[in-house]
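Dear colleague,

Please find below the structure that I am handing over to you. My findings follow it, arranged by topic.

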Amino acid sequence: MKASPDSAGLLGRLARGHSNELGLLLAIVAVAGLTTILSDAYREKPLQNAEEILRQTSLLGVFALGAAIVIISGGIDLSAGSVIAFSGSVCASIILALAPVDESGNAITSDLGVGVFAIAIAATLVVGFLIGTLHAWLITVVGLPPFVATLASLVGLRSLARVYVQEVTAALTTTGKTTQIYVNDEAFSRLGTEWWIPLCIFLALSLAAWLLMSRTVVGRHLYAMGGNEAAARLSGIRTDHLKWLAYCISAMSASVAGILYTAEVGTANPQVQGRGYELNAIAAAVVGGCSLQGGVGLISGTMLGVLFLRVVIDAVAKSVKVGADDYEGIIVGLLVVLAVAFNELRQARRGSRKQFFPGALGLVAIGILSLGAGMLATIMAGRGAGSAVLAGTLVLLGAIALVERRRAGDRDAGARLS
Amino acid sequence: MNPGDALISVRGVTKRYPGVVALADVSLEILAGELMAIVGENGAGKSTLMKILAGVITEYEGDVFVRGQRAHFRGTRDAEAAGISIIHQELNLVEELSAAANIFLGRERRTRLGFLDQAAMDRDAASLLEELECAIEPGRPVSELRVGDQQLIEIAKALSLEAEILIMDEPTSALTESEVARLFRVIARLRARGVTVLYISHKMDEVFQLADRIAVLRDGKLVDVFNRRSTNARQVTHLMVGREIEETDVSSPRQPGEVVLEVEHLCLPWPGHARRWRLEDISFSLRRGEILGIAGLMGAGRTELLECLFGASDERPRGRITLEGRAVDFHHPSEARRAGVALVSEDRKRLGLFSDMTLAANITLCTLRQDLRMGLVSRNLESHRAREVVAQLGIKASSVDDPITSLSGGNQQKAIIGRWLLTRPAVLLLDDPTRGIDVGAKAELYRLMDQLCRQGLGIIMTSSELPELLTLCDRILVLCEGRQTAEFSRAEATEQKIMEAATARAGVAAAL
């Protein structure tokens with residue numbers, strides 16, 4: 001008698017506590033399934049495609065974990081993309097400096113020993129720690145809002161990395177100033193190209209992050225600080241120390257990603273490397289259920305959020321075939337809006353019906369959404385489809401707006417009549 | 001009675017919050033031109049009812065009629081359009097803006113070219129303020145003004161809206177005696193203009209001085225409505241509380257032990273303020289097994305004093321604090337916690353509760369290290385400890401895994417007290433612990449405090465309700481504008497004496 005309600009309660013609690021994760025899992029399966037039906041690529045080379053998605057997921061996931069931890073603790077780290085570029089440059093420059101030199105004075109960066117890489121990677125992680133510490137100092141001591149502090153390093157670090165690479169190449173190579181550092185070592189490149197290596201790194205870091213966030217005192221305090229910083233301080237929690245930890249985790253995870261991305265292409269190129277990636281990481285965390293208000297979010301959700309993001313990006317790439325990279329921003333933007341809007345709707349109480357297109361703002365919004373949809377359809381499927389989608393969206397949203405207005409009108413009239 | 005006979009008619013209004021019914025089927029008629037006092041204890045539902053009338057709370061069950069028309073306000077704007085303005089207990093002003101800008105916020109006067117007409121707004125504001133006996137320049141930023149003047153700015157704003165119905169939520173809680181007298185003159189003048197006033201209070205003297213009729217709320221229900229002449233303060237108080245105030249055997253004498261906390265010449269600087277000191281030269285001691293009460297008006301420095309003792313004040317206090325025989329100087333609440341001081345803060349929602357977390361997590365937060373097994377938190381140990389606290393303090397919840405927000409205010413407060421009891425404190429600081437808690441839960445909290453005290457804990461508590469301090473405390477310290485103006489033993493203390501000490505400085509000013 002006692003066992004059955006308990007076990008039902010456990011299942012129920014699991015479903016309730018993880019409804020977001022279950023939903024994501026279903027969405028991932030649905031998108032992957034749909035792509036399999038629509039495009040040949042998945043059917044012809046399923047393994048290869050799966051490996052590629054997992055590799056990309058792992059590369060993004062490594063620093064999305066850091067972004068999630070900062071967001072859960074009530075902050076935001078916008079600097080990840082530039083930290084990736086800077087870390088990649090630091091890592092490559094150290095490898096260059098330690099590599100043996102041939103008779104003409106050029107560094108040979110192939111067939112290097114493990115020691116060189118160990119030193120380079122360790123030094124890069126230290127750089128990540130220093131960047132995180134700088135953020136924590138700016139935020140807790142100087143009193144800058146996290147947005148400003150990390151925005152400054154988003155802009156500053158990339159520029160610094162570009163100057164740094166030019167100085168390093170001028171000093172260490174015979175070719176003079178260049179904007180990139182090449183690393184030709186095969187073992188190093190496997191770090192980023194062999195699918196299971198980034199995956200193992202991602203899974204290991206995820207396990208560590210999960211243990212930290214859900215099974216340690218520090219993790220509980222991070223949630224508490226994100227949920228209510230003033231109350232956390234008054235509970236005797238050292239919020240300044242916790243922020244230091246969170247921003248260091250975030251910056252160091254971006255450093256790891258910087259090493260992996262540099263290894264992937266065999267080049268440190270701070271001009272383009274990691275550009276815009278900070279938003280992908282934040283998007284993955286938000287899609288995974290982290291609240292930008294802080295205090296809410298799970299590592300498991302973030303992992304699935306990253307996977308979902310990559311699966312959708314890959315699905316679009318497979319269906320559009322050309323210029324898939326260009327669509328990435330659109331997809332990320334759309335998914336973030338949808339995920340957050342979906343959460344808002346789920347939390348909104350029943351009975352209070354939300355009006356999406358009220359007043360003049362609503363009318364203009366209908367126009368914008370229809371134009372956007374029409375434009376996308378035109379690009380992807382030609383002018384005919386574009387006009388059809390434009391007209392269709394206009395009619396559909398217009399109908400929704402009409403219904404909403406009538407309902408709101410009824411309510412007012414009802415209030416006036418009785 | 002038809003809805004048309006009354007200016008405002010409330011019909012069967014119910015408002016539920018998760019875990020608590022704030023208003024249960026309340027029906028009330030308010031007549032044009034009258035001053036109706038709404039009385040009840042904290043948590044009785046007074047403010048909730050008024051917020052519904054003022055369009056602040058928009059979701060509720062039941063109907064509200066204004067001038068016979070059914071009205072369901074969807075915001076304060078709707079209510080203002082219907083002629084209803086509210087002066088909240090916690091004032092609603094933009095501190096950085098000037099008095100005039102606040103009065104005309106959202107309805108700024110404009111010149112023909114569409115620019116702000118500062119001169120016209122200053123002129124109109126000045127005449128409104130003059131009418132209210134408020135001698136301040138319209139251009140002064142609100143942040144520089146005293147609370148009493150800020151309140152008059154809110155009233156000026158209501159007047160500029162030509163409000164016919166003015167709701168005042170405990171307007172005197174932060175005022176000195178002379179400011180109260182001025183407010184009452186203003187109210188009289190408003191009534192002469194035909195304004196209907198709904199006056200929320202739990203102070204009987206005010207209510208019987210001002211009101212035509214008195215509505216009593218208790219635990220979210222309307223108990224009765226009286227004409228002032230046909231009742232007396234005793235009867236109303238009795239109905240507010242709902243039973244003879246249980247003399248929870250807290251009155252039986254406790255035996256204080258040795259001194260546990262000694263405060264000497266404590267001063268808290270107030271940079272950039274004319275008064276210079278937030279707290280000035282405070283000295284007292286606390287024994288084990290003793291409850292020390294701190295009385296004072298809003299802004300007297302009660303909260304600041306507790307924060308100093310807990311290492312949580314923004315500025316470093318000066319003076320000497322001795323805890324269990326050792327001089328202490330806390331830089332951070334974590335040090336105070338380790339030394340055996342606990343603070344249950346006044347604003348539960350903002351400073352105490354972790355609303356995204358479960359009941360268990362809220363209870364174990366400060367002492368989670370005790371639940372480690374091989375370095376990792378054991379959920380079993382954690383739940384076990386949380387369940388012990390739930391049982392010990394009688395917290396009503398179906399499971400310790402419930403979200404803390406599903407509990408009622410009283411149970412949330414107990415959970416926070418439980419969190420701190422787990423740290424095994426020597427001194428417990430309670431800042432207005434019964435604020436927003438219903439009557440039954442209050443009595444339980446009183447018993448709990450008495451019980452803890454008898455176990456040898458030293459407790460310092462503040463309260464905005466004097467009767468509470470008088471029933472619970474062995475000694476009462478009175479603050480007025482950051483100074484210690486009196487200390488009474490239980491035998492000496494009366495409401496009259498405490499109020500005199502709490503407004504001592506205002507009295508001096510009046511005498512001069």
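Helices here are DSSP runs of H or I with at least four residues, and they are numbered from the N terminus. Please keep in mind throughout that this is a predicted model.

I begin with a single residue. Ala230(A) belongs to helix H11 of chain A. Is Ala230(A) buried, exposed or partly exposed? A residue is buried if 20 or more other C-beta atoms lie within 10 Å of its own, and exposed if 12 or fewer do. Ala230(A) has 15 C-beta neighbours inside 10 Å and therefore counts as partly exposed. Apart from its neighbours within four places in sequence, Ala230(A) is in contact with Arg350(B) and Leu351(B). Between Ala230(A) and Gly33(A) there are 46 Å in space, C-alpha to C-alpha, and the two are 197 residues apart in sequence.

The next topic is the contact between the chains. Chain A brings 22 residues to this contact and chain B brings 26 residues. On the side of chain A that touches chain B, the elements giving two or more residues are helix H9 (196–215), helix H10 (217–227) and helix H11 (229–234) of chain A. H10(A) provides the largest share of that side, with five residues. Sorted by class, the side of chain A that touches chain B holds 10 nonpolar, eight polar and four charged residues.

Pro198(A), Phe202(A), Leu205(A), Ser206(A), Ala209(A) and Met213(A) are the buried residues of H9(A). Viewed down the axis of H9(A), these buried residues fall within an arc of 110 degrees, so they line one face of the helix. The exposed residues Cys200(A), Ala204(A) and Leu207(A) sit on the face of H9(A) turned away from its buried side. The cover over the buried residues of H9(A) includes helix H4 (46–72), H8, H10, H12 and helix H14 (299–320) of chain A.

Another helix of chain A is H6 (residues 114–142). Its 29 residues should span 42 Å at 1.5 Å a residue, and its end C-alpha atoms are 41 Å apart, which agrees. The buried residues of H6(A) include Phe117(A), Ile121(A), His135(A) and Ile139(A). Those buried residues pack against helix H5 (80–98), helix H7 (146–172), helix H8 (186–193) and H12 of chain A. After H6(A) comes Gly143(A), which has a positive phi, near 90 degrees.

As for the core, the largest nonpolar core has 248 residues, and Ile167(B) and Leu429(B) have the most contacts inside it. Helix H12 (residues 239–265) of chain A gives the largest share of this core, 14 residues. Leaving aside neighbours within four places in sequence, the contacts of Leu429(B) include Leu306(B), Phe310(B), Val341(B) and Ile460(B).

Finally, chain B contains an open sheet of four strands in the order E2-E1-E4-E5, with antiparallel pairing. Strand E2 (20–30) and strand E5 (69–70) of chain B are the edge strands, since each pairs on one side only. Strand E1 (residues 8–17) and strand E4 (residues 61–66) of chain B run antiparallel and are joined by five bridges. Val10(B) stands opposite Val64(B) in E4(B).

With kind regards

Notes: Residues are numbered from 1 along each chain as its sequence is written. Chains are lettered from A and ligands numbered from 1 in the order in which they are written. This is a predicted model: local features need pLDDT of at least 70, side-chain atom pairs count only at pLDDT 80 or more; totals for chains, interfaces and linings use all residues. Two residues are in contact if their C-beta atoms, placed from the backbone, lie within 7 Å. Ala, Val, Leu, Ile, Met, Phe, Trp, Tyr, Cys and Pro count as nonpolar, Asp, Glu, Lys and Arg as charged, and the others, Gly among them, as polar. A nonpolar core is a set of buried Ala, Val, Leu, Ile, Met, Phe, Trp, Tyr and Cys residues joined through C-beta atoms within 7 Å. The expected span of a helix is 1.5 Å times one less than its number of residues. Two strands pair if DSSP finds at least two bridges between them. The arc is that of the directions from the helix axis to the C-beta atoms.
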